Amino acid sequence: MTNRATDVVIIGGGAAGAGAAYYLGQRGIKVTILERESIGSKASGFNAGGLNPLEGHGWPEPLQPMALQSFNLHQDLWGSLPGKTGIDYHGRLSSIIKVALDENELPELRETLQIFNNAPEPGFSAEWLEREDVLALEPRVTPHALAGVRAVGNGALDGLEFTEALGVAAQQVGAEVVTGTAVGLRLGNGRVEAVVTDDGEIPCGALLIAAGPWCRNAEPWLDIAIPVDPLKGQIIRMKPDGPGLDHELTGGGSSMYNKPDGLIWCGATEEEAGFDLSLTDEARESVTAKAMRLMPSLTNAEVALHTACLRPVTPDWLPIVGQAPGWENVYICTGGQKKGILLGPAMSKGIAEIIADGETGISLDGCDPARFNS
Ligand SMILES: Cc1cc2nc3c(=O)[nH]c(=O)nc-3n(C[C@H](O)[C@H](O)[C@H](O)COP(=O)(O)OP(=O)(O)OC[C@H]3O[C@@H](n4cnc5c(N)ncnc54)[C@H](O)[C@@H]3O)c2cc1C
């Protein structure tokens, strides 16, 4: 590897790193993405692609404003990136049908009804569905369903193509993608001078660590805490023996994501299994059993693909986005947890603005890396 000088080196080419490269490149900042496999090769390429900015772990505070900002950024991006890059990642507005199969699922339905009908921005709404309404919308749902809610205004996309589009768009505004693994840093005077890779050094004016659940590898390099841990998720992609779904569908512990190619992605598991990415029979059986309980005709479906990937999760489930404590030119962008695709544009635009301007208009309340280093 040549000793290229570059303004910002980003470790990690997932949605966080590729997004930051795009937003930095738009500001005229020279960026190198250092990615050990390929753009979107980890969670950013294997997630379900659901964009629900109103519900999730840690909602509504303090993530709510950031989630809505990010959702709006997604809509800007899906209006521009496919045209710029030639990659159609099917960014779209969507709807969810939540079904209760047991009495104990009814409160969650009522909560969703409340949340969507009281959303802080227009475009969201929900309606209560009796069993026959559910079956009229999707006749393949089990006739044992008790009731449902149809919520509209959320979004969806294809995660791999989205991340690849960010990577291509970043290169169009000057970023370079280098295949290699960061193995250390060359330090001097409270600054990082270069990223040490398995194939030489890349000098840098600033470093952005966006390595998903592998960010902890940088803890000993910088003597700071970056407490992000992997939460494994396995998804089963099913090919029904009929049309795909028109809506995202949940109930009985199953989540089904409708895809434009007619596949139904079912999942996902949540496993504390370290960095293990093996595909297990246990996960396949439990995910498909729950899916078939909700939609019995899936008994005739083929398993088209079984995947596993790792969500980057922090102890408080809030992302880590900002300047690394004690380091003049080091930044961190990670911890998107189960919502890292939804939150990706806000996280990456936010960190790009912090690097470029020292401040951002993105709401990053609760995300300061210093909270784990006092
Ligand atoms: C099953 C599942 C379903 C999900 N569904 C959704 C969903 O519906 N909606 C949603 O919003 N989110 C979802 N997510 C979460 C989302 O996928 C993640 O939060 C997000 O992709 C994390 O992006 P990232 O860029 O931070 O990390 P990653 O995608 O993990 O990218 C990090 C990159 O860093 C690279 N890297 C690591 N170490 C080094 C090194 N030393 N040198 C060079 N490169 C390195 C890796 O190879 C990797 O490509 C889901 C996740 C899972 C697992």
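**Notes on the ligand shell and overall fold**

1. Starting with the ligand: β15 gives the largest share of the shell around it, four residues. Helices (H or I, at least four residues) and strands (E, at least two) are DSSP runs here, numbered from the N terminus. Keep in mind that this is a predicted model, where local features need pLDDT of at least 70, side-chain atom pairs count only at pLDDT 80 or more, and totals for chains, interfaces and linings use all residues. Residue numbers start from 1 along each chain as its sequence is written.

2. The ligand is surrounded by 42 residues, with G12, G14, G212, G233 and G340 the closest. A residue is near a molecule if its C-beta atom, placed from the backbone, lies within 6 Å of it.

3. At least two shell residues come from each of α1 (15–26), β2 (31–35), α2 (43–46), β11 (229–239), β15 (302–313) and α9 (340–357). Domain 1 (6–73 + 160–227 + 316–372) and domain 2 (94–153 + 230–313) each put in at least three; the bounds come from an automatic or database domain assignment.

4. By class, the shell has 17 nonpolar, 18 polar and seven charged residues. Asp, Glu, Lys and Arg count as charged, Ala, Val, Leu, Ile, Met, Phe, Trp, Tyr, Cys and Pro as nonpolar, and the others, Gly among them, as polar.

5. Zooming out, the protein has nine helices and 17 strands. Its C-alpha atoms fill a box of roughly 70 × 40 × 40 Å along the principal axes.

6. Of the 374 residues, 49% count as buried (20 or more other C-beta atoms within 10 Å of the residue's own, C-beta atoms being placed from the backbone).

Methods: Buried ≥ 20, exposed ≤ 12 C-beta atoms within 10 Å, placed from the backbone.
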